[in-house]
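Dear colleague,

I am passing on to you the structure below, together with some notes that I hope you can follow while you have the model open. Please read them slowly and look up each place as it is named.

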Amino acid sequence: MDTIFAEATPPGRGGVSIIRISGPEARRVAETLSGALLEPRRAYHRAIREGQEVLDDALVTWFEAGASFTGEESAELNLHGAPVVVARVGQALRKMGLRRAEAGEFTRRAFLNGCIDLSQAEGFADLLAAETESQRRQAVQTASGALSRRVAHWRAMLVEAGALIESSVDFADEEVPEDVPPRVYELIDQLREELDREIAGHPAAERLRTGFDVAIVGPPNAGKSSLINAIARREVAIVSAVAGTTRDVIELRTDLDGLAVTFLDTAGLRVTADEVEAIGVERARIRAEEADLRIHLSEDGQHDATLVRDDDLLVRTKADLLERDDGLSLSALTGTGITELLTSVRSLLSARVAHAGLLTHQRQADALSDARGALDAAEDLAPELLAEAVRRASHSLDLLVGRIAPDDYLDHIFTAFCIGK
Ligand SMILES: Nc1nc2c(ncn2[C@@H]2O[C@H](COP(=O)(O)OP(=O)(O)OP(=O)(O)O)[C@@H](O)[C@H]2O)c(=O)[nH]1
Ligand SMILES: [K+]
Ligand SMILES: [Mg+2]
């Protein structure tokens, strides 16, 4: 492994910029710049020098191999947060033979050195992308190894089952059909149940991570764009008295009390001879069908029944014009009913993720489903085949946490990180 470096803080001005160095030369390089650093994990206040020239003064820390994020010897320079300082120190490091790290390379090294597994690396990537409180909480859980611990528990069950099967096969008389100890079936039963439960919790967990789509639908002039503007508290969509104003789907990303929710303003649903509007209506239907929830707006209480699903909200608009107001209604003009509507959306969606599991990525769910599939019909298998099934299930669990992982998949994960992570 060569020694790499990168700034760990975003480009631009700030209080501090951190340059991270990792690899066998980390301590030597840090000492060349700043003088002897006796103890690891201690911050030294030093001048950073290239020859006689002082580049900055900084806090310098080094970490011994085995006690750092990457698992390698590493060092950190806390510099003043000015791009020119970072650029100049970076230049000095390159002159000393260090290579600038690629995106995600520190995390990749942490993975390759066994400090974290693949699911944790995915957790770190999710944490960097997190925008809401629930996404942060979930990502921290994954990054700190919640899924890894669960997998270790399932693996231990498979190891026990495998050992029991092996021993029954080894000692069996060739003529007599071997008996698999009943404990094996208990273990497999329990495992199947636990895997099923975890797999069932995957869609909710993934939704929590990616966020929800809520489509606002209804006939032209129902007030859909007015509603999305009221939610955004700014003009994200054109509002006009002309029916058929909105054509493109307009997305508004929001943090709904900790939940990531994207509201979609859509074209008013009607049959139209206008070619462009017709495309808009078609898109509106598709996005409405794909959304997690729909808010059906209308002035008169009429809704397109073909698009209404179980939990959907049916809401009358322009409540300020209504004489009698029964059921859910709102006015984008006066603001009445909007907080209540958002509260309903929030509680409908959070009810759906109440049983979110630990599988936040399709890849993880696929691996776990493979493990579960290997244990189908275990009761009907001869001992050798049962042992093979247990091995296959173990293998799938190994893939899940990335003990075995194809290079291109690793590339896919780690390049999603930023430089310096
Ligand atoms: N009085 C009243 N008028 C409203 C309200 N909401 C919207 N309007 C008016 O209704 C008309 C249509 O509003 P839009 O928000 O453009 O309706 P839309 O559903 O997006 O219409 P399309 O994009 O054409 O499908 C505009 O003239 C708005 O000012 C409301 O709460 N009260
Ligand atoms: K309109
Ligand atoms: Mg509109």
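Before the helices are described, one definition is needed: the axis of a helix is here a line fitted to its C-alpha atoms over the stretch in contact, and the angle between two axes runs from 0 to 180 degrees between their N-to-C directions. Please also keep in mind throughout that this is a predicted model.

With that definition in hand, look at helix α12 (residues 362–374) and helix α13 (residues 383–401), whose axes come within 8 Å and cross at roughly 170°. Because angles over 145 degrees count as roughly antiparallel, α12 is roughly antiparallel to α13. On the side of α12, the residues that take part in the contact are Gln 364, Ala 367, Leu 368, Asp 370, Ala 371 and Ala 374, and they meet Ala 389, Arg 392, Ala 393, Ser 396, Leu 397, Leu 399 and Leu 400 in α13. Sorted by class, the residues of this contact are nine nonpolar, two polar and two charged.

Ser 225 lies in helix α9, whereas Thr 246 is found in the loop between α9 and β8. Are these two residues buried or exposed? A residue counts as buried if 20 or more other C-beta atoms lie within 10 Å of its own; Ser 225 has 24 such neighbours and is therefore buried, and Thr 246, with 22, is buried as well. If residues up to four places away in sequence are left out, Ser 225 touches Ala 237, Ile 238, Val 239, Thr 245, Thr 246 and Asp 265. Counted in that way, the contacts of Thr 246 include Lys 224, Ser 225, Asp 265, Thr 266 and Gly 268.

The unreviewed UniProt entry also carries a "binding site" annotation that covers Asn 221, Ser 240, Val 242 and Thr 245. These residues are spread over 25 residues of sequence, but they too cluster in space, the largest C-alpha distance being 8.2 Å. Ser 240 sits in the loop between α9 (224–232) and β8 (250–256), and Val 242 is placed in the loop between α9 and β8.

Finally, please turn to helix α3 (residues 105–112), which is mostly covered, since seven of its eight residues are buried. The buried residues are Glu 105, Phe 106, Thr 107, Arg 108, Arg 109, Ala 110 and Phe 111, and as a group the buried residues of α3 pack against β1 (4–7), β2 (14–22), α4 (118–129) and α14 (407–414). After α3 comes Gly 114, whose phi is positive, near 75°.

Helix α4 is worth a visit of its own, and two of its residues can be taken in turn. Phe 124 lies in helix α4 and is buried, because 25 other C-beta atoms lie within 10 Å. Leaving aside neighbours within four places in sequence, Phe 124 is in contact with Thr 107 and Ala 143. Ala 125, which is also placed in helix α4, counts as buried because it has 22 C-beta neighbours inside 10 Å. Not counting residues up to four places away in sequence, Ala 125 touches Ile 413, Ala 416 and Phe 417.

With kind regards

Definitions and conventions
Residues are numbered from 1 along each chain as its sequence is written. Chains are lettered from A and ligands numbered from 1 in the order in which they are written. This is a predicted model: local features need pLDDT of at least 70, side-chain atom pairs count only at pLDDT 80 or more; totals for chains, interfaces and linings use all residues. UniProt positions are given in the numbering used here, feature names are shortened, and annotations may be inferred rather than shown by experiment. Helices (H or I, at least four residues) and strands (E, at least two) are DSSP runs, numbered from the N terminus. Angles under 35 degrees count as roughly parallel, over 145 as roughly antiparallel, 65 to 115 as roughly perpendicular and the rest as oblique. Two residues are in contact if their C-beta atoms, placed from the backbone, lie within 7 Å. Ala, Val, Leu, Ile, Met, Phe, Trp, Tyr, Cys and Pro count as nonpolar, Asp, Glu, Lys and Arg as charged, and the others, Gly among them, as polar. A residue is buried if 20 or more other C-beta atoms lie within 10 Å of its own, exposed if 12 or fewer, and partly exposed in between; C-beta atoms are placed from the backbone.
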